[in-house]
Amino acid sequence: MNDDEPLPAILMSLSCISDCKLFCGEETTGILTVDSTEYSSDLDSSSPSLSSFALEEEEEESIAVFIEDERKFVTGFDYFSRFQSHSPVANAREESIAWILKVHAYYGFQPLTAYLSVNYMDRFLDSRPLPESKEWPPQLLSVACLSLAAKMEEPLVPSLLDLQIEGAKYIFQPRTILRMELLVLTILDWRLRSVTPLSFLGFFACKLDSTGTFTHFLISRATEIISSNIQDAGFLAYLPSCIAAASILSAANEIPNWSYVKPEHAESWCEGLKKEKIIGCYEWMQEIMISNNRRNPPKVLPQLRVTTQTQR
């Protein structure tokens with residue numbers, strides 16, 4: 001790194017040795033001062049024992065709150081426009097997410113951890129772009145966002161040094177990562193309990209399959225579809241609820257004799273869903289899945305075999 005070249009204010013105190021696999025050093029002290037305000041989750045998971053009708057009504061109200069709040073946890077259109085071409089910024093984002101997914105798979109983290117990591121990174125970059133001339137800031141941001149997401153969702157979190165595996169170009173000192181975490185928290189206004197597509201999957205699956213026969217499959221497969229496509233910048237064009245609806249519809253298409261399910265049906269699942277957006281997201285998702293299937297064999301839902309015992 002050229003010591004004569006000034007860094008942006010957001011990374012002024014974060015400097016590292018541009019040598020692969022070396023510990024990154026620090027040349028100055030703290031990057032900022034933040035009030036140690038207690039963070040309280042936006043979503044209260046506790047609920048008293050209620051009748052099935054009351055539970056259903058409560059769930060409807062929760063989804064309505066998610067719909068109302070989801071715009072607070074997404075990036076703006078200007079941010080999405082940066083990634084509509086294969087620019088250096090777009091390539092850096094893809095590399096960062098690829099590394100996050102590798103570490104995510106290595107430790108067997110939950111799907112939500114991966115999505116939150118990318119969500120934190122995108123929301124940060126939407127407010128504070130990193131210098132394109134340097135390679136290490138995206139890596140530091142990726143580590144910090146993955147660490148924060150793991151702390152939010154995982155029961156066991158690796159140390160900050162152990163987290164930096166799977167082809168990391170730079171290894172940062174824990175105190176450097178902690179300072180970057182604080183910076184991310186500040187930029188995100190400490191709002192880590194994000195509304196994500198996974199917040200809607202269970203509700204939408206039950207709307208589509210009221211009998212519960214394929215509900216588990218719909219949720220599981222939709223989660224796979226979202227996780228496997230999270231690296232694509234096309235996700236940035238749609239709200240979490242729209243992505244969730246499109247993924248449930250895509251999963252339903254893999255169930256035999258469910259070809260009657262159409263994207264326009266999802267608009268009635270809850271208020272706030274837009275048919276045009278769902279159709280656009282669904283078609284985009286289908287294109288991505290077809291492209292992926294050309295490289296990897298598709299997963300096939302096993303047929304249910306019904307047997308009867310013969311009388312003797």
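Colleague: Which helix does M289 lie in?
Modeller: M289 lies in helix α10, residues 275-295. Keep in mind that this is a predicted model.
Colleague: Okay. Is M289 buried or exposed?
Modeller: M289 counts as buried, because its relative accessibility is 11% and the cut-off for buried is under 20%.
Colleague: What does M289 touch, leaving out residues up to four places away in sequence?
Modeller: M289 touches R221, I225, N229, S250 and E254.
Colleague: Switching to α8, then. How many residues does it have, and how far does it reach?
Modeller: Helix α8 covers residues 215-229, so to speak 15 residues. From first C-alpha to last, α8 reaches 21 Å, close to the 21 Å expected at 1.5 Å a residue.
Colleague: And which residues in α8 are buried?
Modeller: T215, F217, L218, R221, A222, T223, I225, I226 and N229. R221, I225 and N229 also turn up among the residues that M289 touches.
Colleague: New topic: at what angle do α7 and α9 pack?
Modeller: About 45°, with the axes 10 Å apart. That makes α7 oblique to α9, and their crossing is right-handed.
Colleague: Which residues meet there?
Modeller: From α7, L201, F204, A205 and L208. They meet S241, A244, A245, S247, I248 and A252 in α9.
Colleague: How do those divide into nonpolar, polar and charged?
Modeller: Eight nonpolar, two polar and no charged.

Note on methods. Residues numbered from 1 in each chain as written. Predicted model: local features only at pLDDT ≥ 70, side-chain atom pairs only at ≥ 80, totals over all residues. Heavy atoms only, no water. Axes fitted to C-alpha atoms, helices over the stretch in contact; angles between N-to-C directions. Helix = DSSP H or I, 4+ residues; strand = E, 2+ residues; numbered from the N terminus. Parallel < 35°, antiparallel > 145°, perpendicular 65-115°, else oblique. Left-handed = near helix turned anticlockwise from the far one by under 90°. Contact = heavy atoms within 4.5 Å. Nonpolar A, V, L, I, M, F, W, Y, C, P; charged D, E, K, R; others polar. Expected span 1.5 Å × (residues − 1). Buried < 20%, exposed > 50% of the residue type's maximum accessible area, 1.4 Å probe, protein only.
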